[in-house]
Amino acid sequence: MRKLTLAVLITCAAILFAQEIRPIDPDWTVPEKAAHRQNPLRDKPQLAAGGRKIFERNCVQCHGDQTHERKNNAPDLASPAVQQDSDGDLFWRISSGNARKGMPSFSSLPEAQRWQLVLYIRSLPKP
């Protein structure tokens, strides 16, 4: 009985771990040129505070706050699956959106604000 319980616990843990490292949407491919873009604000981490304000206005309703509570299966932005993306990946995803998954495009935000969002995402505490 103990071996069965242990096997069930290990299986459940593996499933939960796999959910956090899987790609967000394997069909939502970032163009190579976009993936290599560097955040022009990367040397100004203090600007992440502005990114937080933008996040609270536009993103928190789906992605949740720092408690990692999310709606509509939106990814946890502090998860390894998101954090492994380059800054260019994140910027492109924020700018382009993903209609299939319900992620709107935020290309209407000024470019500097989208880069601030990237800074904020990088500052999130890990789950």
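In the predicted model, the charged end of Arg-93 lies over the ring of Trp-28, at 4.6 Å from the ring centre.

A pair of aromatic rings is described by the distance of the centres and the angle of the planes. Three aromatic pairs were counted in the structure. One of them joins Phe-55 and Tyr-120 in a tilted arrangement, with 5.1 Å from centre to centre and 45 degrees between the planes. This pair connects distant parts of the chain, since Phe-55 belongs to helix α3 (residues 48-58) and Tyr-120 to helix α7 (residues 111-123), 65 residues apart. Phe-55 and Tyr-120 are both buried.

Another pair is formed by Phe-91 and Trp-115, whose rings are stacked, with a centre-to-centre distance of 4.1 Å and an angle of 15 degrees between the planes. Here too, distant parts of the chain are linked: Phe-91 lies in helix α6 (residues 87-96) and Trp-115 in helix α7, 24 residues apart. Both Phe-91 and Trp-115 are buried.

The packing of α6 and α7 was also examined. The crossing of α6 past α7 is right-handed. On the α6 side, the contact involves Asp-87, Gly-88, Leu-90, Phe-91, Ile-94 and Ser-95. These residues meet Glu-111, Arg-114, Trp-115, Leu-117, Val-118, Ile-121 and Arg-122 of α7. The residues of the stacked pair, Phe-91 and Trp-115, are thus included in the lists of contacting residues of α6 and α7.

How values were computed
Residues are numbered from 1 along each chain as its sequence is written. This is a predicted model: local features need pLDDT of at least 70, side-chain atom pairs count only at pLDDT 80 or more; totals for chains, interfaces and linings use all residues. Side-chain values use heavy atoms; hydrogens and water are left out. Rings of Phe, Tyr and Trp (its six-membered ring) pair if their centres lie within 6.5 Å; planes under 30 degrees apart count as stacked, over 60 as edge-to-face and the rest as tilted. Helices (H or I, at least four residues) and strands (E, at least two) are DSSP runs, numbered from the N terminus. Buried means under 20% relative accessible area, exposed over 50%, partly exposed in between (1.4 Å probe, protein chains only). A charge sits over a ring if NZ of Lys or CZ of Arg is within 6 Å of the ring centre and within 35 degrees of the ring normal. A crossing is left-handed if the near helix is turned anticlockwise from the far one by less than a right angle, and right-handed if clockwise. Contact means heavy atoms within 4.5 Å.
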